[in-house]
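Visitor: I am new to protein models. Please show me how to read this one.

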Amino acid sequence: MNAKKVLNILSSLVTTLLFLLLIFMVFVVISSKASGGEPQFLGYQLKTVLSGSMEPTFKTGSIIAVKPVEDSTSLKKGDVITYMQQDGNLVTHRIT
């Protein structure tokens, strides 16, 4: 088997896996929205970035995975956190 054929097979495999992952994520988001909850996958909540305050790390419109923290004392400078303000808005920032 030549290298070009192996590359074509690997490319097809990766493309298929990424397509299946996309379909699965669409299913997770649609099913959670239909049930009225937040989209979740493996304990992570999926959120959409609505502003450019975290660019270039997160671009506006990006989807981020947020995992609830049990012990806030484990957080340190440089960690990216998402928290709810008193007015109910979610904010994502880096700890300084």
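This is a predicted model: local features need pLDDT of at least 70, side-chain atom pairs count only at pLDDT 80 or more; totals for chains, interfaces and linings use all residues.

Visitor: Over how many bridges do β1 and β2 pair?

Guide: Two bridges, in the antiparallel sense. Strand β2 covers residues 44-48. Look at one pair of partners: phenylalanine 41 is bridged to tyrosine 44 in β2.

Visitor: Where is confidence lowest, and where is it highest?

Guide: Begin with the whole protein. Its mean pLDDT is 86, and 98% of residues reach 70 or more. Then go element by element. The lowest mean is 72, in β1. The highest is 89, in helix α1, residues 3-34.

Visitor: Now the surface. Is leucine 20 buried or exposed?

Guide: Check the relative accessible area. Exposed means over 50%. Leucine 20 lies in helix α1. This leucine 20 has 51%, so it is exposed.

Visitor: Which residues make the nonpolar surface patch?

Guide: Leucine 20 is one of them. Others include Val6, Leu10, Phe19, Val26 and Ile30. The patch is about 940 Å².

Visitor: Why is leucine 50 called exposed?

Guide: Because its relative accessible area is 75%, and the cut-off is over 50%. Leucine 50 sits in the loop between β2 and β3.

Visitor: How far is leucine 50 from valine 26?

Guide: Compare chain and space. They are 24 residues apart along the chain, and their C-alpha atoms are separated by 19 Å.

Note on methods
Residues are numbered from 1 along each chain as its sequence is written. Side-chain values use heavy atoms; hydrogens and water are left out. Two strands pair if DSSP finds at least two bridges between them. Helices (H or I, at least four residues) and strands (E, at least two) are DSSP runs, numbered from the N terminus. pLDDT is the predictor's confidence in each residue, from 0 to 100. Patches are made of residues with over 30% relative accessible area and no salt bridge: like charges are joined within 9 Å, nonpolar side chains (Val, Leu, Ile, Met, Phe, Trp, Tyr) within 5 Å. Accessible areas come from the Shrake-Rupley method with a 1.4 Å probe; for residues, only the protein chains shown count as cover. A salt bridge is a side-chain nitrogen of Lys or Arg within 4 Å of a carboxyl oxygen of Asp or Glu. Buried means under 20% relative accessible area, exposed over 50%, partly exposed in between (1.4 Å probe, protein chains only).
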